[in-house]
Amino acid sequence: MTRRPIELLALVALGASWGLTHESPSLTFAGAALGAFAWSGWDALRAKRLLDWLNKADTQEAPRLSGVWEEIFERSRKNFKKIEKQKLSSDTRLANFLAAIQASPNGVVLLDAAGCIEWVNLTAATQLGIDPQRDIGQYVQNLVRSPAFTAYLSGADFSSEIQINGVSARPLQPSRISIQIHPYGSRRKLMLTHDVTAVELAEAMRRDFVANVSHEIRTPLTVLSGFVETLQTLQIDEAERRVYLDMMSQQALRMQTLVSDLLTLSRLEGSPAPGQGEWIDSHELLLQAMQEAHGLSQVISHPAHVITRVDGPEMSVGAARSELLSAMSNLLSNAVRYTPAGGAIRAGWRLSEAGAEFFVEDTGPGIAAEHLPRLTERFYRVDRSRSRETGGTGLGLAIVKHVAQRHGGQLNIQSTPGKGSVFSIVLPLSRVQASHTH
């Protein structure tokens, strides 16, 4: 800090000494003034160098300075480096924070005080049909065109969420998006979105399930109660009594079958997936399932169906025997129940690139395309009256689907109205091995 006055005094003294050599007081004063002026110019040059460096804020390039200006420069450079380090750290934290929000399963939209989009993650962009780059700065109400959302945004009460249709909603493919706004900062808003389609469908299925179970059990109970009351209050002969008891037995069997299927579904959903299980000859499983189908056909159909075994590869499948046999029997019994009397049913095993496939092909009435995605829902029926006539519980395909998925496979359905249907269980190749014995 003492170099500047020393430099000034040295230049003033130098100029004055020049005047003294000429023994002239005026020249001495002029020389001193000239020295002071030279020092001012030199000092101003150093100040300009420092100012230029400050304007560029380049911590790598150092200006030529000396004295107090050099000390100011060094201190400034240290502060600049500290600020740059803090800024880099802040930018890193911000980038990590935005990356975390970007990876969130929930949608996030940041709105400014005017309701314009400042930032949006990909989840919200997909759910609301927003372009995360092009639509920055756009009014959100111009992009989310829903009267419910417009009213919600313009209101002052954000204590609860609202639900709107998603951009991908279709008549047979619903999509529901939950939106809730949280004000923050200076009139800014944080908008959170969540896809609640699965929750809505699950809740609807739960309501339907409870209603269907109640209805399915209430019907045979009503019949049983009526017959019991008849037997208790009326004098009837032995032949009539036997008829009533047979009907009561049928209704009791219907309830027993329903409860059994419900317990099977509960067990499948609540237990861990089976391992490799035992290796079972596919031909053996097919024969057992077909025997059950033949027996059912003879009871409910006159004339009985023509059930044909399709020869397939000799192989064994690794599975839980009871589960796989139950699924195969369900597919064959469905074919028997829905194929007209005397109709043809074919069943067998075949190999494909996807794996081992057990298929059942029938010549029934077929199923319209709009029903196919819902066939595996519990109690879903294309024709309710027809299903009750044939004695089905409406749970068979749900059981088949669960069994297939638990074994790493899937249930495939192909159907053409008026031409019949093909139902198949596909098991992965890891559950198949060659077999040379039947």
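**Aromatic contacts and backbone features**

Phe-227 counts as buried, because its relative accessibility is 14% (buried is under 20% relative accessible area, exposed over 50%, partly exposed in between; 1.4 Å probe, protein chains only). The model is predicted: local features need pLDDT of at least 70, side-chain atom pairs count only at pLDDT 80 or more, and totals for chains, interfaces and linings use all residues. Residues are numbered from 1 along each chain as its sequence is written, and side-chain values use heavy atoms, with hydrogens and water left out.

Three aromatic pairs were found in a search of the whole structure. Rings of Phe, Tyr and Trp (its six-membered ring) pair if their centres lie within 6.5 Å; planes under 30 degrees apart count as stacked, over 60 as edge-to-face and the rest as tilted. Phe-227 and Tyr-244 are stacked, because their ring centres are 5.2 Å apart and their planes at 25°. Phe-227 lies in helix H7 (residues 197-233) and Tyr-244 in helix H8 (residues 238-270), so this pair ties together parts 17 residues apart in sequence. Helices (H or I, at least four residues) and strands (E, at least two) are DSSP runs, numbered from the N terminus. Tyr-244 is partly exposed, at 22% relative accessibility. Trp-349 and Phe-358 form a tilted pair, with ring centres 5.6 Å apart and planes at 55°. Both residues are buried.

Two loop residues stand out in the backbone description. Arg-187 is not a glycine, yet has a positive phi of about 65°. Arg-187 is found between strand S4 (176-184) and strand S5 (188-195). The His-302 to Pro-303 peptide bond is cis, with omega near 0°. Pro-303 is in the loop between helix H9 (282-300) and strand S7 (306-310).
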